[in-house]
Amino acid sequence: MTSGQADTRAGLMRSTPLRSAPLRRAGRPWTATLLRGLLFLILGLFVLYFTLPLFVMIVTSLKSLEEIRQGSLLGLPQEIELTSWATAWGSACIGVSCHGLRPYFWNSILLVVPAVVISTAIGAINGYALSKWRFPGSDVIFGLMLFGCFVPFQVILLPMAITLGKIGMAGSVSGLILVHVVYGIGFTTLFFRNYYVAVPDELVKAAKIDGAGFLAIFTQIFLPLSIPVMVVTVIWQFTNIWNDFLFGVSFSQGGSQPITVALNNIVNSTTGVKEYNVDMAAAIIAALPTLLVYVVAGKYFIRGLTAGSVKG
Amino acid sequence: MPVLQSRNLYKDFGAVEVLKDINLSIEAGEFLVLVGPSGCGKSTLLNIVAGLETASAGDILIDGQIVNDVAPKDRDIAMVFQSYALYPTMTVEKNITFGMRVRNVPRREREEALQRVAKLLHIEHLLRRKPSQLSGGQRQRVAMGRALVRRPKLFLFDEPLSNLDAKLRAQMRGEIKQLHKRLGATIVYVTHDQTEAMSLATRIAVMSDGKIVQLGAPQDLYDRPNSIFVADFIGSPAMNFISGRIQARDAKPVFVADHDGAPLALPVDHYDFGGDFGGGVEGDLRDGQELILGIRPEYVTSGAANHHGAVSVDFELVPSLMETNGFDQHIVFEFCGAELVGRFSSKESVEVGRPHRVHLDLSEISLFHAESKVRL
């Protein structure tokens, strides 16, 4: 009797989860169904909770001001109006100029692209040097960079402002790029270093014997391997720099402000009637590029991971 | 002039001494195998020869030139790694020609070298593939191709076969040996597998604890190991060791061990004591000194077969374990308080627990000092 029970238990343990699932359901159908239902209910509630704000934003941006004033927050628009989108993009007033978000959108692009490229490039070469060309003190340097990741934005505002002033880059786009590059290097170095640590040292040895030097090994062997980590780094840096408000509002002025600062100004500087539909459209426009980066690069990220050709 | 020399080479990592006074000299065309248990320093030595690590003291000479400060790429060497270290994003063709492309060798010359090596290693059909699309054996070939393509003065192999399965390993071993013969290449080869060392080497250096404990031709190491360490390391199944003492009987030396509580004498007067034992027990050897007698399993055979001419003794022994491998069987006996392994023909019928007549051929024994573990 007892040995029979033990056998059954051993058999259950050996069988795959797929096969044991129907067994368990047959044993206690009520609780299983109940739990499954509860699980979906909770998940559904979470989905609602997270998508509701987006839904409200989109719906509101498509309504006319008249309708917003009368109607409920959640109701669908009676008539779809795209004028608020056009206004937000091209003619909303920020301060005295009424050109919408468009110029600031390009400001952000001009800021984000170089900042992401430079910080990713420096992170890649740092990570390569710190993992494959160790030197006395390299671990200390890496530790300090890691520490840099934990320094909050607010802490560096004043010293950074003084530094930018001293080197004559205050209030310029290049100054803002420099701030983001310096702040981002800690993260990008961390990403690349941890990725390269897993690449076998023998690859470097083989390449050294083949006659390649520091840079040739980096560009011809390590960079082609780095697509997955590069995508991760680019997503991270792009999102952070695009969404940054604090550095943007502190270190830029007048026409060179990034889109986040412009969005803030649109929302806060309306006179007379508050145009909620324009505000919502502007907020969505400001968030679109990061969404796009996730959708486009996310695919490459998965592809890069599954290619997994590092293993010898 | 030797292709490679190492003079009084030392290496330490902080307080740990990895290599102690390594002196080697390798002539053109030699196939030297560095063999030893893991952690004996053999891979470190190879890396120092390649220039991937620097020695703490001593010199490395290639073709008579001190190369201590010469970069790996300028030493005219090629290396094959245990993990193959193929560049994962490059095709086989690009992998093999990478060194030449980095050195700006003209395209035509590169193409010729590639074709020569591809033909030599039978990998012509794989040239467009990526390393991830190759099997273990194919990767191994490509790794060798990358080394062969440049015709270096010296080839370094770092455990190149240990990632392959047994059958493929034996096949690649044969191919490496053939390549060595055909190309007349000079090779230094690191392995922990003594079978590989025995079958490939023209000379073997057995390393232990950062030192070369014996250097010589494979057969010499097998027949005349200079210490118990080498005797135990080379050969499979390993040599049998019997503890006992030397005694003089009628001015002739005999080896006395205790078997089943009674002393048992084995004649050793044919052994070359090298002046240690002249007529009586004298010289370095005291009467009754503790010794260890080593005898290889192939000299422990069935007493039922016919033997003649050799110095030998026969015993009734009880088999405690047997292992058949088709060609022969390894039988374990209890003898003088230790295990004695014999190699019997597989035709011989032996039963565990039933006494069997065992023949010990003493013509090829080794004697070691019990204390220093060194050969007499």
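**Close-up views of two contacts in a predicted model**

View 1. Domain 1 of chain A and domain 2 of chain A bury about 690 Å² between them, with carbon and sulfur atoms giving 81% of it. The model is predicted. On the domain 1 side, 64% of the area buried against domain 2 of chain A comes from M57(A), S61(A) and L65(A), more than from any other three residues. The domain assignment places domain 1 of chain A at 2–81 and domain 2 at 102–307. Each domain is represented in the contact: nine residues come from domain 1 of chain A and nine residues from domain 2 of chain A.

**View 2. Polar pairs and elements on the domain 1 side.** Between domain 1 of chain A and domain 2 of chain A, the rule finds zero salt bridges. The count of residue pairs in polar contact (both at pLDDT 80 or more) is one. Two or more residues of the domain 1 side that touches domain 2 of chain A are given by each of α3 (29–62) and α4 (65–70) of chain A. Of the elements, α3(A) gives the most to this side, with four residues. By class, the domain 1 side that touches domain 2 of chain A has four nonpolar, three polar and two charged residues.

**View 3. Contact area between chain A and chain B.** About 1,900 Å² is buried between chain A and chain B, and carbon and sulfur atoms give 63% of this area. In chain A, the residues that lose the most area to chain B are E202(A), I209(A) and D210(A), which together make up 37% of what that side buries. The contact is made by 18 residues from chain A and 27 residues from chain B.

**View 4. The salt bridge between the chains.** The rule finds one salt bridge across the interface of chain A and chain B. The partners are R150(B) and D210(A), whose closest N and O atoms are 3.2 Å apart. D210(A) is also among the three residues of chain A that lose the most area to chain B. Across the interface of chain A and chain B there are seven residue pairs in polar contact (both at pLDDT 80 or more).

**View 5. Helices of chain A that face chain B.** α10 (201–210) and α11 (214–225) of chain A are the elements that give two or more residues to the side touching chain B. α10(A) gives the most to this side, with eight residues. The residues of the chain A side that touches chain B comprise nine nonpolar, four polar and five charged.

Conventions. Residues are numbered from 1 along each chain as its sequence is written. Chains are lettered from A and ligands numbered from 1 in the order in which they are written. This is a predicted model: local features need pLDDT of at least 70, side-chain atom pairs count only at pLDDT 80 or more; totals for chains, interfaces and linings use all residues. Side-chain values use heavy atoms; hydrogens and water are left out. Contact means heavy atoms within 4.5 Å. Buried area is the accessible area (1.4 Å probe) that two parts lose on being put together, summed over both. A salt bridge is a side-chain nitrogen of Lys or Arg within 4 Å of a carboxyl oxygen of Asp or Glu. A polar contact is a pair of N or O atoms within 3.5 Å; within protein, one must be able to donate a hydrogen and the other to accept it, and residues adjacent in sequence count only if both atoms are side-chain atoms. Ala, Val, Leu, Ile, Met, Phe, Trp, Tyr, Cys and Pro count as nonpolar, Asp, Glu, Lys and Arg as charged, and the others, Gly among them, as polar. Domain bounds come from an automatic or database domain assignment.
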